[in-house]
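Subject: Structure handover

Hello,

Here is the structure for you to look over. My notes on it follow below.

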Amino acid sequence: MLKTFGAFAAGLIFGTGILLSGMGNPAKVLNFFDLAGTWDPSLMFVMGGALAVTFIGYRLVFQMKRPLLAASFSLPTSTVLDARLIGGAAIFGIGWGIAGFCPGGLLPVIGYGQIEPFIMLGGILTGMIIVKAVTASGSKTAPAGKAAPRPAQG
Amino acid sequence: MTEFTPLMSLAGGALIGLAAVALMGLLGRIAGINGILSGLIALPNSSDWAWRAAFVLGLLGSPLIVLMIAGTLPALSVPVSPIMIGIGGVLVGIGTSLGSGCTSGHGVCGIARLSKRSIAATLTFMATALITVFVIRHVIGA
């Protein structure tokens, strides 16, 4: 119960940060990437603020033996730079550059009631289901041990 | 044109960081929106489903907090056609699933952990987003 409430509070804070920062507004996000046109450097400050707090905050948190409400920290352990990681990131960047929404920027503006965020959400979920379906059918034919589960980072 | 908002963006970014630190300190979890969303569409059989749903509910409810604090909601303007939004959405869904992360998971949480994978992924998606916007706005001229 406490865990659920903690996650809810973290979601509220995260979403508030997204909305105040401008990450939920595709016009602003796309202008950040438009160096040769109507460049708006604001998102550099979003990343800077988020990274500074997380970098220091994580170091304080990792002084604890375990998180306050869970048995252990769940951290990705893979260190391999493979084609799946880089290819996936490249495809994500293309989609982000087309639409201007990333998953974190999207959810806080769903409640605005405009149609575009719903289309985006439908697209993201479709993409996720496609990967899940292809991965599932691929792992049936792959030799045992080949299709290792990947820890989701983001 | 959009207005350059360094202070508001810095403050919003700091809140995003605070939420990421809170989720790690309380639950021991990475605040990666793609991973949380992806875990949600799996069958609700795991104990992780409840906190993921709660986190997403918090995200969805955040405009109410902003309304209470500021009295007004920040602008939402989408200079992209619905069809292109749909295409972009599918690519974001596929890319973040294959690449195990998005802006929050890799760009914030992963880089803060100095994860080699996250640094490589972030450099990659920032680069392809830059190229994509350049091509759409200045080569095709949409």
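Helix α2 of chain B (residues 33-40) is largely enclosed by the rest of the structure, because eight of its eight residues are buried. Buried here means under 20% relative accessible area, with exposed over 50% and partly exposed in between (1.4 Å probe, protein chains only). The buried residues of α2(B) include I33(B), N34(B), I36(B) and L40(B). Helices are DSSP runs of H or I of at least four residues, strands are runs of E of at least two, and both are numbered from the N terminus.

A word on conventions. This is a predicted model, where local features need pLDDT of at least 70 and side-chain atom pairs count only at pLDDT 80 or more, while totals for chains, interfaces and linings use all residues. Residues are numbered from 1 along each chain as its sequence is written, chains are lettered from A and ligands numbered from 1 in the order in which they are written, and side-chain values use heavy atoms, with hydrogens and water left out.

Now the interface. In chain A, 109 residues are in contact (heavy atoms within 4.5 Å) with 106 residues of chain B. The two chains bury about 9800 Å² between them. Carbon and sulfur atoms carry 75% of that area. Buried area is the accessible area (1.4 Å probe) lost by two parts on being put together, summed over both.

The rule finds two salt bridges across the interface of chain A and chain B. Such a bridge is a side-chain nitrogen of Lys or Arg within 4 Å of a carboxyl oxygen of Asp or Glu. One salt bridge joins the side chains of R137(B) and D34(A) (2.9 Å, N to O). On the side of chain A that touches chain B, α1(A) supplies the largest share, 17 residues.

Next, S42(A). This residue lies in helix α3 of chain A. S42(A) is buried, with a relative accessible area of 0%. Leaving out residues up to four places away in sequence, S42(A) touches K28(A), E3(B), F4(B), T5(B) and S9(B).

Last, the record. UniProt, in an unreviewed entry, lists residues 42-62, 83-106 and 118-136 of chain A as "transmembrane region". Its positions are given in the numbering used here, feature names are shortened, and annotations may be inferred rather than shown by experiment. In the model, residues 42-62 of chain A are 95% helix and 0% strand, with end C-alpha atoms 30 Å apart. Residues 118-136 of chain A are 100% helix and 0% strand, and the end C-alpha atoms are 27 Å apart.

Best wishes
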